[in-house]
Amino acid sequence: MKNIKFSGTLLFLAGSFILMGITTAEAFYPSGYTTANSEISDLGATIPPNSVSYQPSANIFNSTMLVTGLMILVAAFYLHKQFKKYLFSIPFFLFAIALTGVGIFPGNKVPYHGICALLTFTMGGLSAITSFKIITGPLRYISIVFGFIALIILFTANNFIPVIGDGGTERWVAYPVVLWLTGFGGYLLNEKQ
């Protein structure tokens, strides 16, 4: 029971920190950064050949991804110990490791950043879907829907980029996972568990 609540606390805070870390890094980024046309990871560093990294945005973004990835990794360990649901645990561990990698390898660290980002998006969506093994009630179905939204948009991104831009499309992949993560954390904090 204590491990579940501890994990819930970590996940609720991780989801909250991700949203607030991105928002804060965007606020400190110089002009030219847009939600529609700039990728989230541009906050840490843009991709080569003309890579740029602006401070304090880069430190805020990279440290947020690193710390939240580690928080999720600890929660994943305790949730696996409690539930032993490999269908959920494996993608959730990979999600946490990949998110940590996004913080370690900013956008200018090719190909490592791209690998970590793609793994984060894919495993995040799969984690949301497979969390039905642990979650009951309405959140079970919301989690599945959020996971499918993230994965469908990820793998059909070329259909969305002309409409909402590269950055807007990426946010439709990332934010459903972050919202699920926060909701999942809140669910685990429920004292009736």
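Author: A crossing is left-handed if the near helix is turned anticlockwise from the far one by less than a right angle, and right-handed if clockwise. Helices here are DSSP runs (H or I, at least four residues), numbered from the N terminus. This is a predicted model, in which local features need pLDDT of at least 70, side-chain atom pairs count only at pLDDT 80 or more, and totals for chains, interfaces and linings use all residues. Residues are numbered from 1 along each chain as its sequence is written, and side-chain values use heavy atoms, without hydrogens and water. The crossing of α5 and α6 is left-handed.

Reader: At what angle do the axes of α5 and α6 cross?

Author: Axes are lines fitted to C-alpha atoms, for helices over the stretch in contact, with angles from 0 to 180 degrees between N-to-C directions. Those of α5 (residues 138-155) and α6 (residues 157-189) come within 8 Å and cross at roughly 155°. The two helices are therefore roughly antiparallel, a term for angles over 145 degrees.

Reader: Which residues in α5 and α6 meet?

Author: Contact means heavy atoms within 4.5 Å. Among the residues that meet are F146, I149 and I153 in α5, and W172, P176 and W180 in α6. By class, this contact has 17 nonpolar, 3 polar and no charged residues; Ala, Val, Leu, Ile, Met, Phe, Trp, Tyr, Cys and Pro count as nonpolar, Asp, Glu, Lys and Arg as charged, and the others, Gly among them, as polar.

Reader: Which helix supplies the largest share of the lining of the largest pocket?

Author: That share, 6 residues, comes from α6. The lining divides into 10 nonpolar, 4 polar and 4 charged residues.

Key
Parallel < 35°, antiparallel > 145°, perpendicular 65-115°, else oblique.
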